[in-house]
Structures are given as structure tokens and as C-alpha cells.
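Let's take a walk through this structure together, one meeting place at a time.

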There are 2 protein chains.
Amino acid sequence: MTESRGSTHAKRAAYDLRQRIVKGEMPGGTRLYEVALAEELEVSRTPVREAMSRLAEEGLLERAKGGGFVVRSFTYADVIDAIELRGVLEGTALRLAAEAGAPDEKLEPLKALLCEIDASFGADGAPPNLELYAGLNGEFHDLIVGLCPSHIVRSELERVKSLPFASPSAFVFRNRQSKAMMESLVIAQAQHRAMVAAVEGREGARAEALAREHARIARQNLEKKALDNAEPDPALALIVD
Amino acid sequence: MTESRGSTHAKRAAYDLRQRIVKGEMPGGTRLYEVALAEELEVSRTPVREAMSRLAEEGLLERAKGGGFVVRSFTYADVIDAIELRGVLEGTALRLAAEAGAPDEKLEPLKALLCEIDASFGADGAPPNLELYAGLNGEFHDLIVGLCPSHIVRSELERVKSLPFASPSAFVFRNRQSKAMMESLVIAQAQHRAMVAAVEGREGARAEALAREHARIARQNLEKKALDNAEPDPALALIVD
DNA sequence: CTGGCCTGAATTGTATACATCTTGGTGTAT
DNA sequence: ATACACCAAGATGTATACAATTCAGGCCAG
């Protein structure tokens, strides 16, 4: 086909649908009609159903009573809660990692990454590259959560992070007021280092507390955004309230 | 049809499949073939696919590379982790409830339920009714989590609890050694009362710590079981390791 | 022996026709 | 006015034929 990626029609349909949902077309509560979507996406009803099922697994849709799917509604409070929950789960992941002990060969790449992150926002005076920072930040979160020995905790965390507004790098940029933003980056990076140190030193409680506090930065940025109410953040497109 | 419940073929198929999985037929890693299942369940492939999608949403199946579904594998360690995770999430739910404050009209039913639970295990000398206790215990957990103002936290907790070995009343009975078991019930009930008191008194940290420790009772019971290795617990049927 | 590549049987992916259910509206009797 | 039954349109549920993909096994060339 011409656009979107995926090897099967169902995966392409899921991709397209996901895009439309997170972009805010189809606000929360919108019912998805198989026939209409099948026409729009130019496939039959079968892959559309398959796609909707996949998005339900991701938590973007929910099954309606009497059949069919509805776009899940998220309020501003849900965004706050999702960030809190991410902090709780990352905290648990780090605590378990600390309690179990992390091998040096897995800690080394993390420390290397920390230095890369330093460079990305111009710790040496170079101009900050926020795109790059966001990417490296996401990578850092993936790596450090990878230290957690529990499949279950990791997969539930993955699930929460799949919500576009709950990902670690959801609200990093957009504040071009370089002063406050730079300070927030410095603080975040200090917490990054402390989290690694806590896991390395098997300080479970410290690691957990740090991860929770770290997630609060996202919440702060969000609340700052809400006050400024500048251009609406794309990560908030599917928020109804 | 003759057996199982549900109004559509897909729901019945999902129910049947779920039963077979949690009973331990089809151990973790088993691949599910649509045609074979369609014949066994006496429906066409379409509702079978639908059923598998639903079970994937529940976390009982996972999508295999190259299509199809596989029964999710759970190890003994996963059971431990799932119980830990339930404790963490219940703790978060209670902390948020405590921080937000719970109205008296929602606390009253909880306190009434606590008295019913007292009666169920013969606090007054009557013989303990473990069936009844397990039911009331589950009800208690539902009610107290219902105090949490966050949809997101509640729904993720619901998801974890849907794993048969992670539910609050998974390992309450089976230890007929009445002495140790009775003591564990007394402790659990004391924690129940403390959790309600902590939420009522807006003591978030206390409520969270209590919920986590409370979940450890399930872990203790499980580990005791593992040592005794008496008849295998049905809640553990789908464990592979 | 090993690597790559056929090839075909088994399996899932897709389209579509038909069956069933859900829902909202309408009419009627109370 | 209200309650109820009923109907029709539209939606999802189901079966099935056919297409495309996957994977294992054997074959051949190196």
C-alpha cells in the first residue's frame, strides 16, 4: 500500500488508527464503526476488527457493551495519575533491581549513556539539543528499567508507558524558556545519576523514592504547560477534559 | 449450546479457553491453532480468533511472532512478582485514597464488612468458614481499592488481579493446619483494620506500607505451600517452572 | 559438512455473504 | 402521559472460501 507501515493489513490499520486516535481526531468516547473504518482504511472488516483488538490491548480502546469498540476517554486527572503510576512502577522496578543487585556489565552502558546525556544539553556550554535529549532520556529509562529482574513489573510498566502522555520524555521540551528548562534538565540528570548510584549500592528505598520524584518532573512540566496554556501539546491531544 | 456461559460464541469460546488455560491443560508456551480449536469448541475460526484476542487483552495469551497466539508462560518467580506488584498497586491505591480523603459513607460499609469477616473465621469461638472468609476478603479488597480516586490505578490493579495466582484470596485456604492458619487470619484481619484506619486518618505512607506488607501474607502462604508440596494448588496450575 | 534456496504443507490473513443482535423510534392501549 | 410491544435500519457476530505467509525438510552447490 501507499502509506503507513506494517506487513499485514491489520497492522497497517492498527497503525493508522493509533495515529488518528493519539492525534485527537476521534476524541474519547467516539464509537468505532467497523464498516465505516473499513471503507476509510480501504480494507475489509476483518483486519479492522483485528486492529481494534490490538489497540484495546494497548489500552487505547475499550470494548463497548453490546459489542464494538469505543475510544478510551482520558481526563486531565488521568494524565496526572498515569504519570504518578509510571513513577510508582519505575520505582518498584528500581527497588527490585537494587535488592537483586545489578551486574557491572549492565551498569557500564548506563553510565556511558549518562555522559552522552550530559553532552546533549550542553553541559560544556554547547547549545542544548532537545530532540537528542528526549531520545537519550527515553533510552536511559529503558536501560535502567531493564535492570529489574521481574518480567511482570517490566511488562506492566511498558503497558503504562504506551500511553502517549505517560512516557518519560512526553513533556521534556516545548518550554523554550531556556532558563527554567535548563534547570529542570540539570535536576533530572542529577536524579538519573542518583538512581544509578542507588541501584549500584543496593539502596532499594532510595532508588524507589528517586524514581517517584523523578516522574514528578513530568507532572511539573505538564502543570506549567497547563498554566501557560500556549499551543496545546500533541501528547495531550486525546485528552477530553 | 450445552455448556459454559456467554451470549455469543466468541464469549463462550473465551470462557472455555480461559478455563482450560488456568486449569493447566495447555501449559505456558503452547501454541494455539485456530483450526484445531475451532473444531474442539465447535465454532468457526472467527469466534476463536475473537476469543484469543480477548484472552490476550487479559494477559493470558501473547501474540506469537509470525501470527497466532501462545499461552503465556509464568514461572514461580512470576507468581512472587505478581503478588509483590499487587501489593505495590494496592498500596498506591490506598495512599492516593488517604491523600484525597475518603468520605464516611464509603468507609461505613468497609467497617461493617470487617465485622462480618471477624465472624467468618470464628472470632467468637464459632468454627471458621474459609469459603466465606475468602469471599468476604475479596470483597474487602474491592471495596477499599474502590476508595482510590484514580481510574488508571484501579484499572491496572484490576488487570494484575485477573491473573489467577495474584488475586487477594488466591492462597487463603488449603492450609488446614488450623493453628498457623488461624494466626495468619488474625494478622491479616488486623492489617485490614489498620488499612481502613490509615485511609480514614489520611496517613498515606502508613496505608501504602500496610497494603504491601499485607500482600506478603499471600507470598508466605505460597512459600509454605511450596515447602509442604502437598497437592498442587489449582491457582498454580498454569505455572510452568 | 555447511550454507542457501527451493518447495509444499500447514497456518494465519483477508474478503465477503449471511445471521443475529442491538437500538431507537413509532404506534397503540391503558 | 406512560408503558409496552413491535418494527426496521444499522451494527456486530459468524461461517467459509480463498490468498498470502510461514516454516520445516530436503536438495544442491560450494
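A polar contact is a pair of N or O atoms within 3.5 Å; inside protein, one of the two must be able to donate a hydrogen and the other to accept it. Keep that idea at hand, and remember too that you are looking at a predicted model. With this rule, 13 residue pairs are in polar contact between chain A and chain B, counting pairs in which both residues have pLDDT 80 or more.

Which parts of chain A face chain B? Helix 3 (45-58), helix 4 (76-100), helix 7 (151-161) and helix 9 (204-228) of chain A each bring at least two residues to the side that touches chain B. Helix 4 of chain A gives the largest share of that side, with nine residues. If you sort the residues on this side of chain A by class, you get nine nonpolar, five polar and 14 charged.

Charged side chains also turn up in another count: there are 12 salt bridges between chain A and chain B. To see an example, find Arg95(A) and Glu84(B), whose side chains meet in a salt bridge with an N to O distance of 2.8 Å.

Now step back and look at the whole meeting place of the two chains. The size of an interface is often given as the accessible area lost when the parts come together. Here, chain A and chain B bury about 2,500 Å² between them, and carbon and sulfur atoms give 49% of that area. Three residues, Glu57(A), Arg63(A) and Ile152(A), supply 23% of the area that chain A buries against chain B, more than any other three residues. In terms of contact, 28 residues of chain A and 28 residues of chain B take part.

Next, turn to the DNA. Around DNA strand C there are 16 residues, and those that come nearest are His9(A), Ser44(A), Thr46(A), Arg45(B) and Arg49(B).

The elements that give two or more residues to the surface near DNA strand C are helix 1 (9-22) and helix 3 of chain A, along with strand 1 (31-32) and helix 3 (45-58) of chain B. Helix 3 of chain A gives the largest share of this surface, three residues. By class, the surface holds five nonpolar, five polar and six charged residues.

Finally, look within chain A, which is divided into domain 1 (5-71) and domain 2 (76-226). The C-alpha centres of these two domains lie 31 Å apart, and their contact takes five residues from domain 1 and four residues from domain 2. About 290 Å² is buried between the two domains of chain A, with carbon and sulfur atoms giving 52%. Two residue pairs are in polar contact across this interface, both residues of each pair being at pLDDT 80 or more, and the count of salt bridges between these domains is zero.

Terms used:
Residues numbered from 1 in each chain as written. Chains lettered and ligands numbered in written order. Predicted model: local features only at pLDDT ≥ 70, side-chain atom pairs only at ≥ 80, totals over all residues. Heavy atoms only, no water. Contact = heavy atoms within 4.5 Å. Buried area = accessible area lost by both parts, 1.4 Å probe. Salt bridge = Lys/Arg side-chain N within 4 Å of Asp/Glu carboxyl O. Polar contact = N/O pair within 3.5 Å; in protein donor to acceptor, adjacent residues only side chain to side chain. Helix = DSSP H or I, 4+ residues; strand = E, 2+ residues; numbered from the N terminus. Nonpolar A, V, L, I, M, F, W, Y, C, P; charged D, E, K, R; others polar. Near = heavy atom within 4 Å. Domains from an automatic or database assignment.
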